[in-house]
Amino acid sequence: MAPPWLTARDIGEAVFDQARLTRRGYDEDQVDAFLDRVADTIVGMTAELAAASREVDRLRHWHQQHGASPAALATMSHAEADAERIIAEAHEHARKVAQEAAAIRAEAARQAQQILAAIHSLADEGTVDQRYAAMAAILVGTRDHLTDIRAQLTDEVSRLDSLLSPSRQRNGASTQERR
């Protein structure tokens, strides 16, 4: 099996042993083997380039005779319409999500202030057990609120996925039709 084709890096980094003591220069066998690989690489690349050129000519000729197929034009038109609709929906949805995120952030900041105030007030009141119970209640409330936020985010991700699913299915069907 022939060695793999040479790269420009292989050629630039080629190193040859010095010739035996009786001769000067590089080892002729190594240089000859390397030049054979260079020649094989050039022949192979020339053949690949010719094949690619023939394929381009064949496709150009087919396109000149047949043009774009009606199915391909319809698929492209549907894809463009879907893309425009999805982008518009995404922009609107992003605006709403940003508003909701700002409201959640404001509510979280308000609740954090309440928690801090409650903790500071507990530091001076009641027994250790009472302070512990009050802090536990605050933490449970915070956990419940975070659970609600997680559920809202999960619902939002599901909604976004359902928006994208019909588009993915149509694109998959279009790909199947073209085959």
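Helices (H or I, at least four residues) are DSSP runs, numbered from the N terminus. The model described here is predicted; local features need pLDDT of at least 70, side-chain atom pairs count only at pLDDT 80 or more, and totals for chains, interfaces and linings use all residues. Residues are numbered from 1 along each chain as its sequence is written, and side-chain values use heavy atoms, with hydrogens and water left out.

The structure holds 3 salt bridges. A salt bridge is a side-chain nitrogen of Lys or Arg within 4 Å of a carboxyl oxygen of Asp or Glu. One of them joins Glu-55 to Arg-58, with the closest N and O atoms 2.7 Å apart. Both residues lie in helix α2; because they are 3 residues apart, about one helical turn separates them. For accessibility, buried means under 20% relative accessible area, exposed means over 50%, and partly exposed lies in between (1.4 Å probe, protein chains only). Glu-55 counts as partly exposed, at 35% relative accessibility. Arg-58 is also partly exposed, with a relative accessible area of 46%.

Arg-60 is partly exposed at 47%. Asp-57 is partly exposed at 41%.

Another salt bridge pairs Asp-82 with Arg-85, the closest N and O atoms being 3.9 Å apart. Both residues belong to helix α3 (residues 70-123) and sit 3 residues apart, about one turn of the helix. Asp-82 counts as buried, since its relative accessibility is 13%. Arg-85 is partly exposed, at 32%.

Asp-29, Asp-32, Asp-36 and Asp-40 form a negative surface patch. Patches are made of residues with over 30% relative accessible area and no salt bridge; like charges are joined within 9 Å, and nonpolar side chains (Val, Leu, Ile, Met, Phe, Trp, Tyr) within 5 Å. Asp and Glu count as negative, Lys and Arg as positive; His and the chain ends are not counted. Asp-29 lies in helix α2, which spans residues 28-66. This residue counts as exposed because its relative accessibility is 56%.

Thr-41 also has its place in helix α2. Thr-41 is buried, with a relative accessible area of 5%. Leaving aside residues up to four places away in sequence, Thr-41 touches Trp-5 and Leu-6. Contact means heavy atoms within 4.5 Å.

Note on methods: Areas by Shrake-Rupley, 256 points an atom, 1.4 Å probe, with all protein chains shown as cover. Charge placed at Lys NZ, Arg CZ, Asp CG, Glu CD. Helix = DSSP H or I, 4+ residues; strand = E, 2+ residues; numbered from the N terminus.
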